[in-house]
Amino acid sequence: MTSHVPNEARVIPLRPRAERPEARPTASRPTLSPVPPERRPPTVREPLWRDLVGDVLRRERLEQERTLKEVAEAARISMPYLSEVERGRKEASSEVLAAAAGALGLGLGDLLARAQGELVRLTSRHTGAGAGRGTPGTRFDGMCLAA
């Protein structure tokens with residue numbers, strides 16, 4: 001015995017119909033005047049931390065003329081994973097970064113300091129020399145990491 005129940009899902013809206021944006025009258029929506037292109041701030045893509053760290057790891061490995069396989073084995077990391085970390089495709093944990101840095105003869109602090117230096121170098125192109133926090137013209141040399 002089979003039942004022929006239609007294969008349809010019942011949709012229950014999360015908000016009542018009157019509150020949904022498409023149901024609101026256009027007069028109640030705030031109108032924003034468009035900002036002319038010449039007054040818009042330049043859109044600069046901030047570099048990602050994983051890209052910076054990966055670049056430092058790859059650069060150091062190549063300077064030592066070592067293969068990906070050699071460093072991965074020394075760090076006890078899989079070769080494909082280390083490759084993805086180097087290319088900025090994976091956000092590696094601090095344990096993985098410490099192992100990869102150690103395999104290259106670096107400490108975790110050395111790796112992060114080099115990545116921070118690269119970040120400062122890349123962002124100073126877009127913000128101008130001496131840009132940083134605090135008063136205009138002062139330089140910020142600290143490291144700031146966010147999880």
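The structure is a predicted model.

**Helices α1 and α3**

- Helix α1 spans residues 49-63, and its axis comes within 7 Å of the axis of α3, the two crossing at roughly 115 degrees.
- On the α1 side, the contact is made by Arg50, Gly54, Asp55, Leu57, Arg58 and Arg61.
- On the α3 side, the contact is made by Ser83, Val85 and Glu86.
- Sorted by class, this contact of α1 with α3 has five charged, two polar and two nonpolar residues.
- Serine 83 belongs to helix α3, which covers residues 79-86.
- With a relative accessible area of 14%, serine 83 falls under the 20% limit and is therefore buried.
- Beyond its neighbours within four places in sequence, serine 83 is in contact with Arg58 and Leu68.
- Proline 80 is also placed in helix α3, but proline 80 is exposed, with a relative accessible area of 55%.
- Between the C-alpha atoms of proline 80 and lysine 69 the distance is 9.1 Å, and the two residues are eleven apart in sequence.

**Salt bridges**

- Side chains of opposite charge can pair when their charged atoms come close.
- Arginine 61 and glutamate 86 form a salt bridge in which the closest N and O atoms are 2.8 Å apart.
- This pair links distant parts of the chain, with arginine 61 in helix α1 and glutamate 86 in helix α3, 25 residues apart.
- Arg58, Arg61 and Glu86 are linked in a network of salt bridges.
- Another salt bridge joins arginine 59 to glutamate 118, where the closest N and O atoms are 4.0 Å apart.
- Arginine 59 lies in helix α1 and glutamate 118 in helix α5 (residues 108-127), so this pair ties together parts that are 59 residues apart in sequence.
- Arginine 59 counts as partly exposed at 37% relative accessibility, whereas glutamate 118 is buried at 13%.
- Glutamate 118 also forms a salt bridge with arginine 121, with 2.4 Å between the closest N and O atoms.
- Glutamate 118 and arginine 121 are both in helix α5, three residues apart, which is about one turn of the helix.
- Arginine 121 is partly exposed, with a relative accessible area of 39%.

- Leaving out residues up to four places away in sequence, leucine 97 touches Val53, Leu57, Val85, Ala92, Leu108 and Leu111.

**Loop residues with positive phi**

- Glutamate 65 is in the loop between α1 and α2.
- Phi of glutamate 65 is positive, near 55 degrees, although the residue is other than glycine.
- Glutamate 65 is exposed, with a relative accessible area of 72%.
- Arginine 76 follows α2 and is in the loop between α2 and α3.
- Arginine 76 is not a glycine, yet its phi is positive, at about 60 degrees.
- At 78% relative accessibility, arginine 76 counts as exposed.

Terms used:
Residues are numbered from 1 along each chain as its sequence is written. This is a predicted model: local features need pLDDT of at least 70, side-chain atom pairs count only at pLDDT 80 or more; totals for chains, interfaces and linings use all residues. Side-chain values use heavy atoms; hydrogens and water are left out. Helices (H or I, at least four residues) and strands (E, at least two) are DSSP runs, numbered from the N terminus. Buried means under 20% relative accessible area, exposed over 50%, partly exposed in between (1.4 Å probe, protein chains only). Contact means heavy atoms within 4.5 Å. Axes are lines fitted to C-alpha atoms, for helices over the stretch in contact, and angles run from 0 to 180 degrees between N-to-C directions. Ala, Val, Leu, Ile, Met, Phe, Trp, Tyr, Cys and Pro count as nonpolar, Asp, Glu, Lys and Arg as charged, and the others, Gly among them, as polar. A salt bridge is a side-chain nitrogen of Lys or Arg within 4 Å of a carboxyl oxygen of Asp or Glu.
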